[in-house]
Amino acid sequence: MPLPIAVSETAKSTLQNQVFEQIRLMIVKGQLKAGDPLPGTRELSMQMGISRNTALLAYERLISEGYIYTKPQVGTFVSEMLYEKVVSASANGDVETPAANGTVSDPPPPARSRQFLQTHSLRNPHTDRLTADFWIGRPDPASFPVKVWSRHIWRQLQRSHASLTEYNDPQGLEKLRVAISDHLGPARGIVVDADQIVIVSGCQDGFNLIARLLVETGTPLVIENPCYQGAAYVFESFGAVPHPVPVDECGLDVSQLPDVSRAVAYLTPSHQYPMGATLSLPRRLELLAWADTCDAYIVEDDYDSDFRFNGAPLTAVKGLDRSDRVIYTGTFSKCMGPGLRLGYVVLPKTLVEPARRLKALMNNGQSWLEQSVMADFMLDGGFRRHLRRMRRTYLARRDALLAALETNFGKCHVRGADAGMHLIWRIPPGFPEAEEIEKRALRDGVGVYAMSTGAARQFGSLEESRRYLVLGYAAMTPKQIDNGISRLAKTLSREPCRSAAAETGVQQRTSP
Ligand SMILES: Cc1ncc(COP(=O)(O)O)c(C=O)c1O
């Protein structure tokens with residue numbers, strides 16, 4: 001007998017999932033009872049207009065989860081025991097019902113899901129098919145110190161492998177915390193005790209820790225506009241209410257800080273994400289004074305401060321903090337690699353013990369091996385040498401990008417090129433808007449990104465998000481950069497936008 005189910009090509013879920021889910025729900029609801037026969041996969045595929053393979057895969061999953069079973073040469077049937085279990089669950093009202101039209105409704109979103117369901121992974125889904133990819137936040141893969149790293153791993157395993165069979169300090173390995181506090185003094189002007197550091201699995205984990213410590217429904221979230229999406233969504237998911245503050249060439253416009261009390265202020269002072277400004281010293285001091293007045297905590301996300309090309313880095317806001325109001329988040333994602341999932345949070349003294357306990361509650365700390373190897377790499381001077389090398393490499397790549405933009409598009413207007421691993425390029429007049437350029441370039445195998453794709457969040461409609469592209473350059477060689485930008489120029493000149501191509505100043509060039 002045909003099953004009263006239907007699938008839709010346009011649904012969010014795959015066809016296979018839709019078939020699986022609908023049959024599962026019929027069993028759960030008791031519409032299909034223990035021992036009831038199901039149509040064969042051939043019959044089902046014909047009835048529903050799906051491929052036989054789709055039907056087969058859906059049945060395989062139903063079998064592997066125990067909902068149905070097959071009797072060779074006889075057929076497929078609803079399982080016995082499972083039927084008992086699910087019907088009693090259903091009687092208790094624990095299961096959802098199919099929508100009245102026979103299709104399955106989406107499960108209700110979990111509490112607090114609104115924001116974090118909007119965010120997307122920092123892994124670029126297009127990377128594998130692109131020949132030039134200016135995706136943000138990727139360090140150079142060829143520069144990872146593989147040999148030294150392997151040597152440290154091997155040494156650690158030989159000497160201390162017993163740590164793998166133990167729980168370690170949830171706050172993080174002491175030697176890594178010591179190495180970080182030794183680094184932060186000279187590098188960022190932060191004098192801090194190793195006891196005030198908690199090791200986390202990157203800034204993102206740090207934001208979660210901080211949000212769990214400080215945010216409740218209604219907590220004001222003072223945040224740059226535009227800002228880093230990953231942080232905004234975490235704080236909002238805990239109930240924080242955003243108070244966006246505009247950003248200009250000197251960073252957060254502190255004259256527009258709101259008059260709110262007990263706020264959490266999140267910002268990226270070294271290299272504003274995404275616009276790239278460095279918060280000026282007078283503004284840093286004003287921000288701290290504001291936090292004192294409003295009894296606010298400042299979350300300083302210092303994600304890529306290791307790379308500053310013009311002049312010495314400014315002392316971190318945490319380094320100027322006299323009232324212990326700044327929580328500093330650092331990461332090894334940019335200077336080493338995001339695959340390590342290693343970062344740290346420097347906390348005001350009063351928050352250390354709650355954070356330590358919370359870290360134990362969340363996950364009992366980070367992987368021992370990565371922490372131990374990172375500590376050894378820092379303590380024997382390898383990290384300092386690596387940073388020096390990477391600064392030279394990234395400077396050359398930034399220069400290659402600036403040169404390529406100028407060669408292909410004439411005098412260019414960029415922001416954020418003094419530091420970090422990405423810059424913001426203002427799209428010259430006469431070209432389409434950022435999202436359209438992104439689409440066209442991707443079609444031609446080149447990844448350049450509008451801000452929303454490049455992990456930025458804006459509150460309200462900002463001109464920046466339409467007229468700027470985010471270009472990450474650290475993971476590309478100068479030759480790849482040159483090639484990518486000249487291909488972008490070709491893409492854009494092949495389909496000149498509305499206004500005359502001549503206005504754009506695009507110069508034709510053949511790629512090497
Ligand atoms: C501004 C900013 N903060 C934090 C992060 C996340 O870093 P992590 O890998 O340490 O979670 C990123 C990632 O690109 C970022 O751009």
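A polar contact is a pair of N or O atoms within 3.5 Å; within protein, one must be able to donate a hydrogen and the other to accept it. The side chain of Thr-219 reaches the backbone oxygen of Glu-216 at 2.8 Å. The model is predicted.

- Thr-219 is located in the loop between α8 (203-214) and β6 (220-225).
- Thr-219 has a relative accessible area of 8% and is buried, as that term denotes a value under 20%.
- Beyond its neighbours within four places in sequence, Thr-219 is in contact with Leu-214, Gly-239, Ala-240, Val-241, Arg-262 and Val-264.

**Nonpolar cores**
- The largest nonpolar core has 62 residues, of which Phe-332 and Met-374 touch the most other members.
- Nine residues of this core come from helix α13 (residues 382-409), which gives the most.
- This core lies between domain 2 (127-141 + 385-504) and domain 3 (145-382), because both give residues to it.
- Another core, of 41 residues, lies apart from it; Leu-214, Leu-221, Tyr-273 and Ala-455 are among its members.

**Sheet and packed helices**
- Eight strands form an open sheet with mixed pairing, in the order β5-β13-β12-β11-β10-β6-β8-β9.
- At the edges are β5 (197-200) and β9 (251-252), each pairing on one side only.
- β5 pairs with β13 (residues 343-346) in the antiparallel sense over four bridges, and Val-198 has Val-345 as its bridge partner in β13.
- α8 packs on the sheet, and its direction makes about 155 degrees with that of β12 (326-331).
- Helix α10 (residues 281-294) runs at about 145 degrees to β11.

Definitions and conventions. Residues numbered from 1 in each chain as written. Predicted model: local features only at pLDDT ≥ 70, side-chain atom pairs only at ≥ 80, totals over all residues. Heavy atoms only, no water. Core = buried A, V, L, I, M, F, W, Y, C linked by side-chain atoms within 4.5 Å. Buried < 20%, exposed > 50% of the residue type's maximum accessible area, 1.4 Å probe, protein only. Helix = DSSP H or I, 4+ residues; strand = E, 2+ residues; numbered from the N terminus. Domains from an automatic or database assignment. Contact = heavy atoms within 4.5 Å. Pairing = 2+ DSSP bridges. Axes fitted to C-alpha atoms, helices over the stretch in contact; angles between N-to-C directions.
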